[in-house]
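Here is a briefing on the structure shown below.

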Amino acid sequence: MRFSDRFVAERHYVFDVLLGDFLGLDYVIQIEPGARGYVIELPNGRRLWMRDAFFGDLPDSTAYLTSSSLPRGTRIVARLPFAPEADAVVLFGEGDVVQEGADLHCGVDIVATMFFMLGRWEEALPDPPLDEHGRWRGASSVAFAGAFLHRPIVNEYVEAVWSMLAHLECRQPRRERRFSLVPTHDLDIIYPSRIRTLGHAAFRARSARAMMQAARIALSTGSPFDTFDWLMDLSESVGVRSRFNLLGGGTSPRYDEGRYRLADARVRAIVRHILDRHHLLGFHPSYSAHLNPAQWASERRAIEAAFGVTLSEGRHHYLRFRVPETWRMWDEGGMAVDSTAGYADVEGFRCGTGDLFPTFDVRRRRALRLKERPLVIMEGTLAGYRKLSARGSQEVVRRYIEVAARYRMPLTILFHNNSFDEVRWPGWRQAYQTIFDLSQGVGQRD
Ligand SMILES: [Zn+2]
């Protein structure tokens with residue numbers, strides 16, 4: 001593998017992810033000052049040339065963090081040779097692959113494409129348009145504008161590269177891949193407020209029967225939010241474990257305070273039970289923590305001290321997340337995996353993949369040890385932003401399960417423990433159950 005001595009950190013990162021993390025190949029990177037484009041040379045002497053349509057024209061700095069570096073429109077190219085789908089999304093370079101002698105020449109700049117999707121640098125441009133929670137919107141992304149947010153284009157190009165290498169008679173086996181459902185649950189509310197449940201029912205209930213049902217839930221001693229055993233049973237039914245992310249504090253009166261206390265006996269019992277059943281406890285930093293390392297660290301310490309655990313992964317409350325600062329904070333805190341990088345306003349592949357991948361700090365220009373397990377679908381997106389019914393949402397998830405199964409990759413979903421009471425979430429229990437039946441149908445193991 002050869003490329004020039006400019007943008008070494010960025011290019012090295014992409015090839016490590018492509019050839020190492022995704023394909024699991026042995027490779028050596030050579031820096032060759034003055035080289036144009038990228039060359040992968042196999043032991044048999046045959047070469048794959050890939051066009052550089054991005055870094056080659058830029059000064060070696062963070063100069064690409066400007067809107068003029070964004071892809072100039074999304075081109076959909078039919079029948080790109082070696083690509084796995086009927087058409088390919090081309091962001092940088094030209095949509096062609098041709099054979100010259102024993103070599104292949106790929107006109108698409110796959111390196112810039114992967115760096116764009118995985119590094120998320122479009123989110124780090126000056127003056128980003130943020131929503132009322134300070135989040136970058138899915139609707140602002142190039143993938144949304146180009147109508148390819150539902151496609152794992154990083155994986156599509158990984159498959160294309162693999163097909164090209166196979167054509168050139170690469171003899172190395174690639175890493176085995178498989179589909180798996182990754183159920184995650186952020187614990188925002190553990191016990192419901194009876195007043196709120198009744199009030200909501202009175203406002204929404206269309207019949208006396210629905211009102212009675214709401215009253216029964218509100219006045220019963222059992223909590224409709226105590227769905228933990230059911231969630232864990234379903235995960236176990238397809239051979240995976242649930243990930244439960246716990247809040248450790250927070251200072252926002254509106255979004256953090258009064259949710260639950262770690263010292264509460266009911267909270268302690270639930271956490272103990274999760275750990276006893278060998279499911280995973282994660283960190284859910286509060287609304288106040290996504291750009292505040294001191295707050296973040298104190299919440300994490302509170303959970304670790306309360307339960308005698310070491311947290312290594314999790315997701316931010318409200319999906320509050322900024323590139324690259326939030327990733328950097330997790331990395332500097334020694335965490336292994338963040339799973340915040342999904343959009344609140346629309347489901348899809350924010351990072352162009354469902355796979356776990358190493359992150360990159362686009363301001364300091366260095367690869368991080370932290371990995372991202374991108375969130376693809378949150379139930380609140382489907383119900384709240386997209387206004388879909390339980391059945392409609394189930395259909396969306398079914399399509400993503402098919403895509404994830406086709407690319408043999410994980411599919412991370414977020415369903416809160418409090419999203420299953422029949423008053424506010426009619427039909428969602430059944431829909432969630434069906435997701436597991438569908439997953440079982442395409443075959444998986446943890
Ligand atoms: Zn939350």
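A residue counts as buried if 20 or more other C-beta atoms lie within 10 Å of its own, exposed if 12 or fewer, and partly exposed in between, with C-beta atoms placed from the backbone. This is a predicted model: local features need pLDDT of at least 70, side-chain atom pairs count only at pLDDT 80 or more, and totals for chains, interfaces and linings use all residues. Residues are numbered from 1 along each chain as its sequence is written.

**Overall fold**

- The protein chain has 13 helices and 17 strands. Helices (H or I, at least four residues) and strands (E, at least two) are DSSP runs, numbered from the N terminus.
- The radius of gyration of the protein chain is 23 Å, close to the 22 Å from the globule rule for 446 residues, so the chain is as compact as a globular protein of that length. That radius is taken over C-alpha atoms, and the rule is 2.2 Å times the number of residues to the power 0.38.
- The C-alpha trace spans about 75 × 45 × 40 Å along its principal axes.
- Of the 446 residues, 46% count as buried.
- Take the contacts between residues at least 6 apart in sequence: 74% of them join residues at least 24 apart. Two residues are in contact if their C-beta atoms, placed from the backbone, lie within 7 Å.

**Two domains**

- The protein chain is divided into domain 1 (2-167) and domain 2 (180-190 + 225-442). The bounds come from an automatic or database domain assignment.
- The domain centres, taken over C-alpha atoms, are separated by 28 Å.
- In domain 1, 30 residues are in contact with 29 residues of domain 2.
- On the side of domain 1 that touches domain 2, α1 (8-22), α2 (110-119), α3 (142-145) and α4 (153-167) each supply at least two residues. The largest share, 6 residues, comes from α1.
- That side of domain 1 divides into 16 nonpolar, 7 polar and 7 charged residues. Ala, Val, Leu, Ile, Met, Phe, Trp, Tyr, Cys and Pro count as nonpolar, Asp, Glu, Lys and Arg as charged, and the others, Gly among them, as polar.

**Helix α13**

- Helix α13 (residues 428-442) has 15 residues and reaches 22 Å from its first C-alpha to its last, close to the expected 21 Å. The expected span is 1.5 Å times one less than the number of residues.
- Its buried residues are Trp428, Ala431, Tyr432, Ile435 and Ser439. Seen down the axis of α13, they fall within an arc of 100°, so they line one face of the helix. The arc is that of the directions from the helix axis to the C-beta atoms.
- The buried residues of α13 pack against β9 (180-187) and α12 (390-406).

**Val89**

- Val89 is found in strand β6 (residues 87-90). Val89 is buried, with 26 other C-beta atoms within 10 Å.
- Not counting residues up to four places away in sequence, Val89 touches Thr74, Ile76, Gly146, Phe148, Arg151 and Ile153.
- Val89 and Gly146 are 57 residues apart in sequence, yet 8.7 Å apart in space, C-alpha to C-alpha.

**Backbone exceptions**

- Most residues other than glycine have a negative phi, and most peptide bonds are trans.
- The peptide bond from Val323 to Pro324 is cis, with omega near -5°. Pro324 sits in the loop between β12 (313-314) and α10 (325-332).
- Phe7, in the loop between β1 (2-3) and α1, has a positive phi near 50°. Phe7 is buried, with 24 other C-beta atoms within 10 Å.
- Arg365 also has a positive phi, about 55°, in the loop between β14 (357-361) and β15 (366-372). Arg365 is partly exposed, with 17 other C-beta atoms within 10 Å.
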